[in-house]
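Q: Could you take me through this structure feature by feature, giving the general idea before the particular case?

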Amino acid sequence: MSKFIAVARLEQLDSGKPLVVELGRTSVALFRSGERVFALDDTCSHSGGPLSEAEACDGFALCSWHGARFALDTGRCAGPPASRDVRSYVARIRDGVIELEQPD
């Protein structure tokens, strides 16, 4: 059975501004789209820029350093200069709390 960890309250996460949280020793960028929350590694696979500073638009995170694009729901690399995906995490909202599935 999966274990979920509380990382933030939903009201801390605005639709237009990502939030960085810690999951163990990993920094994770949270993105909100309506009532859905997405979670990606906070480090761009191109040159290490913080995805918590990315702009979220049309289902993608656009890295503020060089414009690499990643799908919010899967972490799939969708545009250069990055060529590798970033890790995505299962996120859920329970009673106003954002929880992330703890990786194995």
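A: We can begin with accessibility: a residue is called buried under 20% relative accessible area, exposed over 50%, and partly exposed in between, with a 1.4 Å probe and protein chains only. Arg9, with a relative accessible area of 37%, is therefore partly exposed. The model is a predicted one, in which local features need pLDDT of at least 70 and side-chain atom pairs count only at pLDDT 80 or more, while totals for chains, interfaces and linings use all residues. Residues are numbered from 1 along each chain as its sequence is written, and side-chain values use heavy atoms, with hydrogens and water left out.

Q: How many salt bridges are there by this rule, and which side chain meets that of Arg9 in a salt bridge?
A: A salt bridge is a side-chain nitrogen of Lys or Arg within 4 Å of a carboxyl oxygen of Asp or Glu, and by this rule the count comes to three. The side chain of Arg9 meets that of Glu11, with N to O at 3.1 Å, and Glu11 counts as exposed because its relative accessibility is 56%. Arg32 and Glu35 form another salt bridge, their closest N and O atoms being 3.1 Å apart; here Glu35 is exposed at 56%, whereas Arg32 counts as buried at 18%. A further salt bridge joins Arg92 to Glu99, with the closest N and O atoms 2.6 Å apart; Arg92 is partly exposed at 29%, and Glu99 is buried at 13%.

Q: How should I read the strands, and what is the order of the open sheet of four strands?
A: In general, the strands of a sheet pair through backbone hydrogen bonds, either parallel or antiparallel. Helices (H or I, at least four residues) and strands (E, at least two) are DSSP runs numbered from the N terminus, and two strands pair if DSSP finds at least two bridges between them. The open sheet of four strands has the order E2-E3-E4-E9, with antiparallel pairing. E2 and strand E9 (88–89) stand at the edges with a single partner strand each, so one side of each is left without a neighbour in the sheet. Strand E2 (residues 19–23) pairs with E3 over five bridges in the antiparallel sense; Leu19 has Leu30 as its bridge partner in E3, and Val20 stands opposite Ala29.

Q: Which residue takes a positive phi in the hairpin of E2 and E3, and which in the turn between E10 and E11?
A: In the hairpin of E2 and E3, with two residues between the strands, Gly24 takes a positive phi near 65 degrees. E10 and E11 also form a hairpin with two residues between them, and Asp95 in the turn has a positive phi of about 55 degrees. Strand E10 (residues 91–94) and strand E11 (residues 97–101) run antiparallel and are joined by four bridges, with Ala91 standing opposite Leu100 in E11.

Q: Which residues of the largest nonpolar core touch the most other members?
A: A nonpolar core is a set of buried Ala, Val, Leu, Ile, Met, Phe, Trp, Tyr and Cys residues joined through side-chain atoms within 4.5 Å. The largest has 15 residues, of which Phe31, Leu40, Leu51 and Phe70 touch the most other members. Strand E3 (26–33) and strand E4 (36–41) are the elements that give two or more residues to this core. A second, separate core of 13 residues includes Leu10, Val21, Val37 and Ala39.
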